[in-house]
Structure formats: C-alpha cells, structure tokens
Amino acid sequence: MRITGLRVHSIAIGDPPLRSSYGLHAPFALRTILELESAAGVIGISEAHGGEANAAKFESLRDRIVGADPWQLCGSLLGLIEDDVAGDRSQTHRVPGENVSDADARAFSAIEIACLDLIGKSVGVPVCDLLGGRVRDEVPFSAYLFYKHAGPGGSPSEKREDEYGECLTPETIVRQARQMIDRYGFQSIKLKGGVFPPDEEVEAIRQLYKAFGPSYPLRIDPNSAWTVETSVQVGRDLKTELAGEGYLEDPAPGIDGMAAVRRQLLAEGITTPLASNVATTSFAHVREAVKTDAVQIVLCDPHYWGGVRQIQHLSKVCHTFGLGLSMHSNSHLGVSLMAMAHTAGAAPHLTYACDTHYPWQADEDEVVVGGRVPIVGGAVKLTDAPGLGVTLDPDRLARGRERYATCEFRNRDDAAEMRKHVDPTWKRIVPRW
Ligand code: GKR
Ligand code: MG
C-alpha cells in the first residue's frame with residue numbers, strides 16, 4: 001500500500017466562553033484535519049490541534065509521508081517522539097510551558113492515527129481491533145463541566161444556541177451537570193477549576209455531591225492554580241466528595257509540588273488519588289512521578305503521547321507501577337472523539353471514564369458524515385465500522401475551512417481572550433491561590 005496524497009485542512013469550530021486557569025476560550029477553537037489517500041483511493045483521516053504552526057508541521061513532513069507505506073510510515077517517523085525528556089511541557093496547546101518537541105509528538109500522533117484509519121479502512125477492520133483486539137465495546141466519558149460566561153461562541157451572525165447559559169456559581173454548575181447528564185447519560189463528573197477562589201470551587205463540588213450522590217464519581221482540575229498548602233486544604237475539605245473513584249487533578253504545579261501534596265494528604269490519612277496531565281506529559285515524567293509518588297493516575301491523550309500505540313504502552317506501564325489511567329481532552333470534533341474511543345478500546349488498563357469537550361461543540365461545526373457522534377449512556381460505542389468508524393463530509397469540512405479563513409484566530413491564546421473580554425489586567429499566575 002502506498003500513500004499517494006496528503007491533505008491538510010485548517011478548520012475553526014465555534015467554542016463557548018469557557019474558563020480555566022489558562023484564561024478564557026476564544027469564540028473559535030482551531031483544529032487540523034488530516035487526510036492520507038492510498039493509491040487505491042482509500043482515505044485515512046485524523047484530527048489534530050489547529051492553527052498555522054501545526055499545519056506547517058504537517059507540510060514540512062510531506063516528502064516523508066507521500067510515497068510511504070502506511071504500515072511502515074510510523075517506524076520511520078519515530079524520531080519525532082524519541083526525544084522523550086521530562087521537560088517543562090503542557091498538554092494545553094499554546095500556553096506558556098509548551099516546548100518544541102510537543103509539535104513533533106503531536107504531528108506524529110496525527111499521522112499514526114490517520115495511518116491506522118487508512119489501514120483499517122483498506123482491510124475492513126476497526127482501529128481498536130487492528131491493534132490486537134478491543135478490550136471494551138463501549139468507552140465511558142465523564143461530564144466535563146466548565147465555569148462559563150453567557151454566549152454560545154462562534155460568530156454573532158451565526159445565531160447559535162447558548163445551551164448552558166452563564167454558569168459562574170455552584171448552583172449553575174449543578175444545573176450544567178444536570179443538563180449534560182440528561183442529554184448524554186454521563187456517569188461521572190469533572191469540574192474544571194482554577195477559576196474562582198478555592199472555597200467557591202469546593203462549594204461547587206459539595207453541591208454536585210449533594211445533587212448526584214456518591215454513585216457519580218467527582219473530579220476537580222484547577223490546572224496547577226493552587227499552592228501545596230491550598231491543595232492539601234482542598235484535599236481535606238473534599239475528602240468525602242472525592243472518595244471512591246474521584247480524584248484531585250493537577251492541584252499544584254510540578255512533580256515536586258504534587259509529591260508534597262500527596263505526602264501531606266497521606267500523613268493525614270487522606271487517600272484521594274492525584275491525577276495529572278500537566279505534571280506527567282511523557283514517559284520520562286511517569287518515571288519521576290512513580291519515584292516520588294507525585295501522581296497516582298495519568299491522564300493520557302493520543303494527540304500528545306504519540307498516538308494510539310504509545311497509549312497501549314502507557315497502559316502497560318501504568319499497570320506495572322500500580323497507577324491508574326484516564327484520558328485528557330481539549331476542544332475537538334468527532335474524528336478526535338473516535339480516535340480517543342478507539343484508543344481507550346485498545347488500552348486494557350484504562351481505569352477511569354475519559355474526559356471529552358465534545359458536548360461543548362455544536363452539530364453545525366461537525367465534519368463527519370451524519371453529524372455528531374452519539375454519546376449514549378455516557379459512552380461511545382465501538383462498532384464494526386472499519387478504521388475510526390467515521391468519514392469526512394466534504395460540505396461540512398468546507399464550512400470548517402471557511403470559518404477558519406474568515407475568523408481572526410491563528411493560535412490559542414486564552415490569556416489574551418481573558419484580557420479582551422473579562423479583565424484587561426489579567427495574567428496567568430501559577431499558583432494563584
Ligand atoms: O479546555 O480550557 C480547557 C482545559 O483547561 C484544557 O485546555 C486542559 O488541557 O482539559 C484540559 C485538562 O484537563 O487539563
Ligand atoms: Mg487536566
């Protein structure tokens with residue numbers, strides 16, 4: 001099999017004004033859709049982070065991709081992820097801390113996934129089965145709650161629906177959870193924190209616990225916005241609410257900070273596990289995290305860790321060292337959702353429901369045939385459809401490209417959005433509280 005065509009599509013998708021410790025989401029999130037076409041005319045696809053730099057990275061690899069055999073291509077590109085150092089990385093695209101090798105790992109991931117889709121579609125096998133056989137037919141996701149300003153995102157002329165309205169209080173966060181659970185059937189809940197003083201976020205988790213009870217595991221993720229002391233205090237305050245399958249995600253910055261939080265919590269008999277996609281973003285970080293007991297649950301992401309097969313390796317490593325494994329997400333469409341679902345389907349030791357931003361995106365932005373991928377009972381079904389199980393709808397893709405061409409954004413900058421719309425003096429301070 002030979003790859004005869006590579007197409008790189010930069011698209012923009014409407015994104016509501018969601019808050020995090022990075023700032024505020026812009027009205028458009030940027031994605032890149034990759035198409036690899038074989039000589040037989042079969043097309044493999046994947047979805048990656050967007051903007052100019054990412055598209056340019058794929059273009060720079062064009063000569064190595066076109067003409068290659070998709071069964072072998074990833075072997076020859078392994079150098080892109082070999083430099084697996086525990087540097088100062090971030091999985092949140094385009095925020096301070098991201099280093100150059102991230103761009104390589106992200107490009108490798110998208111190429112690997114598109115190759116697997118191309119192979120799967122050529123031989124009539126789903127990606128999760130291609131990789132040794134699925135370990136589950138349904139992949140659970142959690143309700144991913146965000147503090148949110150009023151407004152639907154996108155451009156005002158599009159007259160989009162603002163499904164969740166303004167959610168800046170514990171009561172409106174509970175309402176948001178209820179709406180999401182009613183619509184998608186999620187069975188666990190994650191709150192993106194690091195936005196308001198910790199007491200307010202603790203109160204939101206308490207109200208969620210009151211509203212949904214202990215059968216809905218809860219997680220809170222302030223993206224390193226708290227000091228070690230504050231993190232420990234939150235751990236104490238939410239000892240009951242985060243028990244069971246709950247967790248505290250990236251409360252404090254760095255492996256050392258996380259390790260200090262863990263030590264203090266354990267000394268007080270609080271066993272709430274610490275999860276991370278900020279302190280652990282590479283295999284080298286996992287080594288450090290195990291040594292220091294800084295992280296008990298790794299949040300993987302096939303878009304960052306080198307694709308689906310690297311997550312299979314990570315799953316084994318986590319199992320070996322007694323770590324849990326969950327999955328991180330960023331704003332995305334259905335191609336990414338299916339890549340995440342197939343990754344989870346082929347990772348035996350994935351022990352928690354995955355994150356997804358998918359409820360925050362609207363059908364009008366979806367690029368796959370048939371529109372939005374269904375989430376039912378909180379899960380995405382892995383069917384027998386070949387490859388990732390989705391194909392591109394040319395008209396939908398054209399709309400995404402048109403939005404990209406006409407929108408003003410070329411990379412993600414949540415801090416700039418925050419200054420533009422909420423507080424002209426805002427700066428990201430880590431830790432803030
Ligand atoms: O979408 O603002 C966001 C999140 O904060 C995202 O960028 C994070 O990478 O979801 C992510 C996380 O779990 O840290
Ligand atoms: Mg996180």
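This is a predicted model: local features need pLDDT of at least 70, side-chain atom pairs count only at pLDDT 80 or more; totals for chains, interfaces and linings use all residues.
The magnesium ion (ligand 2) is held by three residues: Asp221 through OD, Glu249 through OE and Asn277 through OD1, with distances of 2.0 to 2.2 Å. Along the chain, these donors follow the spacing D-x27-E-x27-N. Glu249 belongs to strand β10 (residues 247-249), whereas Asn277 sits in the loop between β11 (274-276) and α11 (283-292); the pair therefore ties together parts that lie 28 residues apart in sequence. Burial is counted as a relative accessible area under 20%. Glu249, with a relative accessible area of 0%, is therefore buried, and Asn277 likewise counts as buried because its relative accessibility is 1%.

The largest nonpolar core has 94 residues, of which Leu145, Ile189, Leu208, Val298, Leu314 and Val367 touch the most other members. Helix α13 (residues 334-345) contributes the largest share of this core, namely seven residues. The surroundings of Leu145 can be followed in detail: leaving aside residues up to four places away in sequence, Leu145 touches Ile173, Gln176, Ala177, Met180, Ile189, Lys190, Leu191, Lys192 and Leu208.

Ser38 has a relative accessibility of 3% and so counts as buried.

Helix α14 comprises 13 residues (394-406) and spans 18 Å from its first C-alpha to its last, close to the 18 Å expected at 1.5 Å a residue. Its buried residues are Arg396, Leu397, Gly400, Arg403 and Tyr404. Viewed down the axis of α14, these residues fall within an arc of 120°, and so they line one face of the helix. In general, an α-helix has 3.6 residues a turn, so residues three or four places apart point the same way. The face of α14 turned away from the buried side carries the exposed residues Pro394, Asp395, Ala405 and Thr406. At the start of α14, a side-chain oxygen of Asp393 comes to within 2.9 Å of the backbone nitrogen of Asp395.

Note on methods:
Residues are numbered from 1 along each chain as its sequence is written. Chains are lettered from A and ligands numbered from 1 in the order in which they are written. Side-chain values use heavy atoms; hydrogens and water are left out. Helices (H or I, at least four residues) and strands (E, at least two) are DSSP runs, numbered from the N terminus. The expected span of a helix is 1.5 Å times one less than its number of residues. Buried means under 20% relative accessible area, exposed over 50%, partly exposed in between (1.4 Å probe, protein chains only). The arc is that of the directions from the helix axis to the C-beta atoms. A polar contact is a pair of N or O atoms within 3.5 Å; within protein, one must be able to donate a hydrogen and the other to accept it, and residues adjacent in sequence count only if both atoms are side-chain atoms. A nonpolar core is a set of buried Ala, Val, Leu, Ile, Met, Phe, Trp, Tyr and Cys residues joined through side-chain atoms within 4.5 Å. Contact means heavy atoms within 4.5 Å. Donors are N, O and S atoms within 2.8 Å of the metal (3.2 Å for Na, K and Ca); water is not among the atoms, so sites may look incomplete.
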